[in-house]
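Here is a short briefing on one protein model. Please look over the sequence and the structure before reading on.

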Amino acid sequence: MKSLFVLLITGVYATTGADLFARGPEDVFTYRVGTIEVALLSEGQQTGKSNILIGATPEMLQRYTTDGTFSNATNAFLIRTPEKTILADTGYGRNLFDNMQSFGITAKQINAVLITHMHGDHIGGLLRDGKVVFPDAEIYLPKPEYDYWMSDEAMNRVPENRRGGFSNARAVISAYRDKLRLFLPEELGTTVVPLLSGIRGIAAYGHTPGHTMYLVESGKDKLLIWGDLTHAMAVQMPCPQVAVTYDVNPEQAVVSRQKTLEYVSKNKIPVAGMHVPYPGMGSVTKGSGEGYVFTPFEK
């Protein structure tokens, strides 16, 4: 079951240096997973530039990009289970609260926030003027991700002009210290006790050392929210061996992407992603060679 709601989107996606598409009315898209509703909360639709790609050949770029650009987006997701109201990431926080309001949801009604990783376009909505935005929410953070952003050694390995991300992550961790729920993600295909009823944290390391996906399950229905498993769908689906400059460990990110694409296509599990263009969700099937085909849900 799918439904559409109209609102205005004015977000800007700065992480890739991408140009925003013409601003105007945008749709919020919802998808039902059994008794659970998952809704796209979009920060905007953009175009990314091929100079962020690692391992893309001229032939790939000529075939899969237009003038060296590709479509992408910045998304968060609202998950409403019979028991709880949950966010998967918070985007930059620029449009998050207007998007939530379109569903009649306030920040105080959020019971939990699931963090895929701690880049700014995923945790930006957690603080406003340095203060906690979700006072009644537990913050689910993968422990390897926490360890990375709290490590002075890791911070000192990156150029000084990129260390602001560590400061931002630490500010969030400090502000929510009494609400943090650290956990170890499970391996793809294993079954352990879920984090929350109907939600599992799945390891997909590489983009960051603790990058985590969230599997939403209800009855026989499933949806994998795969975070930043992809940034350039037009290229990375047919050519999953292509990484991006934002990957902390590009080689590991490629392995995680290939493993996940094989798993979801084989098991027919729909997916959602933080940089998948509108509607941000769809199905994955095996393509030719090492590639895959993504089919967006009907708008």
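The points below cover a sheet, aromatic rings and some backbone features.

This is a predicted model: local features need pLDDT of at least 70, side-chain atom pairs count only at pLDDT 80 or more, and totals for chains, interfaces and linings use all residues. Residues are numbered from 1 along each chain as its sequence is written, and side-chain values use heavy atoms, with hydrogens and water left out.

**The sheet**

- Six strands make an open, mixed sheet in the order S13-S14-S15-S17-S18-S19. Strands (E, at least two residues) and helices (H or I, at least four) are DSSP runs, numbered from the N terminus.
- Strand S13 (199–203) and strand S19 (292–296) are at the edges; each has a single partner strand, so one side of each lacks a neighbour in the sheet. Two strands pair if DSSP finds at least two bridges between them.
- H8 packs on this sheet and touches S14, strand S15 (221–225), S17, S18 and S19. Contact means heavy atoms within 4.5 Å.
- The direction of H8 makes about 90° with that of S18. Axes are lines fitted to C-alpha atoms, for helices over the stretch in contact, and angles run from 0 to 180 degrees between N-to-C directions.
- S13 and strand S14 (residues 212–218) run antiparallel, joined by five bridges. Ile199 stands opposite Val216 in S14.

**Aromatic rings**

- The structure has seven aromatic pairs. Rings of Phe, Tyr and Trp (its six-membered ring) pair if their centres lie within 6.5 Å; planes under 30 degrees apart are stacked, over 60 edge-to-face, and the rest tilted.
- One of the pairs is Trp149 with Phe166: the ring centres are 4.7 Å apart and the planes are at 55°, so the pair is tilted.
- This pair links distant parts of the chain, 17 residues apart: Trp149 is in helix H4 (residues 143–149) and Phe166 in helix H6 (residues 164–175).
- Both Trp149 and Phe166 are buried (under 20% relative accessible area; exposed is over 50%, partly exposed in between; 1.4 Å probe, protein chains only).
- Ring pairs join Tyr148, Trp149 and Phe166 into a cluster.

**Charges over rings**

- Arg94 lies over the face of Tyr92, 4.4 Å from the ring centre. The cut-offs are NZ of Lys or CZ of Arg within 6 Å of the ring centre and within 35 degrees of the ring normal.
- Lys286 lies over the face of Tyr292, at 4.9 Å from the ring centre.

**Backbone features**

- Tyr278 and Pro279 are joined by a cis peptide bond, with omega about 10°.
- Asp67 is not a glycine, yet has a positive phi of about 55°. Asp67 counts as exposed, at 76% relative accessibility.
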